[in-house]
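Look over the sequence and the model first. Then read on for a short report on strands, helices and loops.

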Amino acid sequence: MARMRVLVLMGGPSTEHDVSVVSGTGVVRAMNPDRYNIHPVLIDKDGTWHWSSRELSPYQKDNFSVNYFRGLEGAAANCKKSPALSELPDADIAFLALHGKWGEDGHIQAMLENWGIPYTGCGLLASALAMDKVKTKEIYRANGIPTPPYRVIWKHDFTGDTLVSVSDELGFPLVIKDPLGGSSIGIGIAKDLDEAGKIAQDLFKDSNRLLCEKFIAGEEASCGYIEGEKPLPPTEMRMTTREYFDFEAKYNGECKEVTPAEFDEDLTKRIQELVKSAHYAIGGSGYSRTDVRITKDKQLFAIETNTLPGMTPTSILPAEAASVGITYSQLIDLIIDKSLYIKR
């Protein structure tokens with residue numbers, strides 16, 4: 001039986017470039033060389049693509065790192081800014097280990113669809129909608145999915161009175177976000193007007209609009225969903241030195257991720273149902289992961305849905321899959337198999 005030809009795309013121009021490279025590295029190392037013909041592709045922050053026309057050898061796969069791209073030489077080495085996808089090796093599917101803007105917002109999905117290359121993760125429209133946290137919340141509300149109250153503020157008419165009005169409506173603490181941020185980059189929690197003003201002014205440097213959201217006190221969880229599979233258990237985020245699950249908590253060990261979460265059976269089931277509803281509300285396909293806040297009286301609020309969840313070996317989705325007996329390598333197989341049969 002012929003091996004499946006897979007492009008593994010990683011890196012990209014977003015602020016999550018380095019995390020994406022870790023995801024891509026983990027995916028490449030875990031792929032079964034007896035089943036896959038593997039072609040890693042690194043996309044630099046400036047949009048330069050690096051790849052080889054030759055598949056990885058077993059030794060390269062097992063020891064794969066970003067150094068692989070630096071060592072490419074001769075006819076097999078390819079380096080080009082924004083290439084036509086027809087220049088890449090022929091592929092049956094592209095495994096997207098990309099995160100954040102451009103990789104997760106529909107841009108690469110549109111390129112792949114234009115060239116007729118199947119890909120993992122949610123489709124173009126779902127990716128674009130879920131990347132925009134304002135649109136996500138509008139979709140949640142339209143589908144009866146509970147989400148924290150919010151307001152959108154704009155740079156062009158922002159004044160000190162704007163935040164007075166917002167805080168009167170939503171109160172403090174006040175969550176202020178760049179709607180297109182990823183990995184909890186571009187977010188702050190203000191305890192008063194002065195702090196809110198400083199956070200807003202800082203975030204307006206990179207965005208023309210901001211999402212202001214009522215802070216929901218309580219526990220924080222995240223839960224993946226894979227279509228057609230038994231529900232995954234949620235993961236509880238137990239903060240150590242930080243107030244919420246931000247970039248530092250995610251990647252610098254300032255949060256203890258408990259998988260499966262030590263929630264009672266009823267709460268676990270309600271989280272799983274909420275996550276499934278959020279997945280289909282945005283038009284998700286294949287798999288996704290949704291972040292949830294839980295109040296002291298066990299009310300649930302969907303915060304956002306991730307259409308390309310982190311795929312490092314220690315990321316939340318792989319950890320949840322492992323807890324129900326799906327190994328990291330099996331999860332990659334499962335994602336690829338499902339993605340090949342999705343009707344977008």
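## An edge strand and its hairpin

How many of the seven residues of strand E14 (residues 300-306) are buried? Seven of seven are, and E14 is thus described as mostly covered. Keep in mind that this is a predicted model.

The partner of E14 is strand E13 (residues 287-294). The two strands pair in the antiparallel sense, and six bridges link them. Between E13 and E14 sit five residues, and the two strands form a hairpin. In the turn, Lys298 has a positive phi of about 70 degrees.

## The five-stranded sheet

E13 and E14 belong to an open sheet of five strands. The order is E12-E11-E10-E13-E14, with antiparallel pairing. Which strands stand at the edges? They are E12 and E14. Each has a single partner strand, so one side of each has no neighbour in the sheet. On average, neighbouring strands are turned by 25 degrees against each other, direction ignored.

At the E12 end, strand E11 (residues 235-239) runs antiparallel to E12, and four bridges join them. Here Met239 stands opposite Cys255 of E12. Helix H10 packs on the sheet. H10 touches strand E10 (219-226), E13 and E14. The direction of H10 makes about 130 degrees with that of E13.

## Helices H5 and H6

Now turn to the helices. Two packed helices are described by the angle between their axes and the distance between the axes. For helix H5 (residues 124-131) and helix H6 (residues 133-142), the axes come within 5 Å. They cross at roughly 105 degrees. An angle of 65 to 115 degrees counts as roughly perpendicular. H5 and H6 are therefore roughly perpendicular to each other. From H5, the contact uses Leu129, Ala130 and Met131. From H6 come Lys133, Lys135, Thr136 and Ile139. By class, the contact has four nonpolar, one polar and two charged residues.

Which residues of H6 are buried? They are Lys133, Val134, Thr136, Lys137, Ile139 and Tyr140. At the start, a side-chain oxygen of Asp132 comes within 3.0 Å of the backbone nitrogen of Val134. Just after H6, Gly144 has a positive phi of about 70 degrees.

## Helices H1 and H12

Another helix pair is H1 (residues 17-30) with H12 (residues 328-340). Their axes are 9 Å apart, and the packing angle is about 95 degrees. That makes H1 roughly perpendicular to H12.

Which residues meet here? H1 brings Ser23, Gly26, Val27 and Ala30. H12 brings Tyr328, Ser329 and Ile332. The contact of H1 with H12 has four nonpolar residues, three polar ones and no charged ones.

## A residue in helix H7

Thr162 lies in helix H7. Is this residue buried or exposed? Its relative accessibility is 17%, and buried means under 20%. Thr162 therefore counts as buried. Leaving aside neighbours within four places in sequence, Thr162 is in contact with Ile153 and Asp157.

Most residues other than glycine have a negative phi, and most peptide bonds are trans. Some places in this model differ. Where are the cis bonds? Pro173 is in the loop between helix H7 (160-170) and strand E7 (174-177). Another cis peptide bond joins Thr259 and Pro260, with omega about -5 degrees. Pro260 lies in the loop between strand E12 (255-258) and helix H10 (265-281).

Ser82 has a phi near 50 degrees. Ser82 is in the loop between strand E4 (77-81) and strand E5 (93-96). At 58% relative accessibility, Ser82 counts as exposed. Trp102 is not a glycine either, yet its phi is positive, at about 80 degrees. Look for Trp102 in the loop between E5 and helix H4 (107-114).

How values were computed:
Residues numbered from 1 in each chain as written. Heavy atoms only, no water. Axes fitted to C-alpha atoms, helices over the stretch in contact; angles between N-to-C directions. Parallel < 35°, antiparallel > 145°, perpendicular 65-115°, else oblique. Contact = heavy atoms within 4.5 Å. Nonpolar A, V, L, I, M, F, W, Y, C, P; charged D, E, K, R; others polar. Buried < 20%, exposed > 50% of the residue type's maximum accessible area, 1.4 Å probe, protein only. Polar contact = N/O pair within 3.5 Å; in protein donor to acceptor, adjacent residues only side chain to side chain. Pairing = 2+ DSSP bridges.
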